[in-house]
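Subject: Handing over the model

Hello,

Here is the structure I promised to pass on. My notes follow below it.

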Amino acid sequence: MNHPDAGVPAPAGVVDLASARLGGVALLANDEFFAEKENLLKPGRGVFIADKFTDRGKWMDGWETRRRRTPGHDWCVIQLGLRGVIRYVDVDTNHFLGNHPPFASLDALSTSELLPADPQIIEGLRWIPIVPQSPLNPGSQNVFEISNSEPSTHVRLNIFPDGGVARLRVYGTVIPDWTKMPPDNLVDLAAIANGGVALACSDMFFSSMNNLIMPGRSDNMGDGWETKRRRGPGYDWIILKLAAAGSVQKVEVDTNHFKGNYPDTCSIEGCHAPDALTGDLTSTNTAWREILPLTKLQADTRHFFERELSPMDNCTHVRLNIYPDGGVSRFRVWGLPQLASAR
């Protein structure tokens with residue numbers, strides 16, 4: 001289901017590394033006179049309320065600077081919630097029509113240090129240009145493909161000369177720091193924070209498949225993966241690429257908040273296909289192996305499976321099947337990663 005303001009969906013197989021939900025923070029901006037920099041990282045594309053004003057002028061759901069009367073340009077530094085390789089950037093000027101920046105550029109940085117609050121020191125850091133100064137369309141998603149292959153921890157959005165941007169999306173592949181994870185401890189190989197990715201699903205009419213591997217438990221029924229009511233034969237499914245190949249030893253299927261619409265049963269399969277494309281995984285040629293047999297589920301419940309599992313080593317992908325349809329809030333796949341395969 002697409003909300004009228006949903007716009008162009010995120011590219012498949014990547015994560016919004018800058019999302020506030022994943023820990024992204026707007027650290028510093030040279031100006032935010034009309035609207036705060038924190039809005040850049042909020043969910044959705046932003047809203048417009050015609051008769052809403054503040055003591056500084058029109059209220060806008062984005063980051064908006066004052067009209068520049070001197071040379072230069074405006075900028076905002078973002079700390080990514082997750083370290084990763086940036087693949088696409090979306091500079092969304094939704095609802096900014098007479099006040100959008102005509103141009104923007106983006107720089108990236110990789111550092112393990114805390115950034116200082118001094119703009120002059122920030123300017124002197126080793127920023128790498130990843131989007132050259134490029135034209136922006138008003139009221140639009142302006143999507144740029146990125147060729148840089150180095151992991152990044154921060155980005156700097158530059159707008160020329162001034163104006164407003166509703167949202168900034170920094171889509172990429174998470175590169176976890178495996179050295180910070182205790183050896184021989186089970187890791188949630190499906191977690192988005194560890195590099196797990198939702199690749200494909202049969203349906204996500206009511207809510208996104210990406211919710212399934214988000215941090216924490218779900219806030220409400222909309223913060224999960226829910227399919228439409230199935231009126232014919234078959235069942236629904238979702239395929240996840242694990243953060244690293246590993247041995248699956250424990251699984252959680254959480255139906256939190258799903259009470260009259262949870263799946264009746266589920267099963268889980270795995271495969272070793274490190275180089276497979278998404279299309280390969282959805283075909284009938286993939287050699288899926290059963291990890292969890294068809295199992296009854298309950299409403300609004302955390303289901304943990306360990307003894308019920310058929311152990312599988314070197315697993316790179318898992319498929320959760322739900323029968324016949326419904327909603328699951330979170331899915332956890334704990335195992336021991338084979339670090340040689342870690343992305």
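Strand β6 gives the largest share of the lining of the second largest pocket, five residues. This is a predicted model, where local features need pLDDT of at least 70, side-chain atom pairs count only at pLDDT 80 or more, and totals for chains, interfaces and linings use all residues. Residues are numbered from 1 along each chain as its sequence is written, and side-chain values use heavy atoms, with hydrogens and water left out. Strands are DSSP runs of E of at least two residues, numbered from the N terminus.

The second largest pocket holds about 460 Å³ of space. Of its 19 lining residues, L82, R83, T111, T153 and K180 are the closest to the centre. A pocket here is an open set of points on a 1 Å grid over the protein atoms alone where a 1.4 Å probe fits, with protein on both sides within 12 Å along at least five of seven lines; lining residues have an atom within 4 Å of a point. The volume is the space filled by probe spheres set on the points, which are joined across faces, edges and corners.

D107 sits in strand β7 (residues 103–109) and is buried, at a relative accessible area of 9% (buried means under 20%, with a 1.4 Å probe and protein chains only). Its side chain makes a polar contact of 3.0 Å with that of N158; such a contact is a pair of N or O atoms within 3.5 Å, one able to donate a hydrogen and the other to accept it, and residues adjacent in sequence count only if both atoms are side-chain atoms.

M214, in the loop between β14 (197–201) and β15 (225–226), is also buried, at 10% relative accessibility.

Best wishes

Notes. Helix = DSSP H or I, 4+ residues; strand = E, 2+ residues; numbered from the N terminus. Buried < 20%, exposed > 50% of the residue type's maximum accessible area, 1.4 Å probe, protein only.
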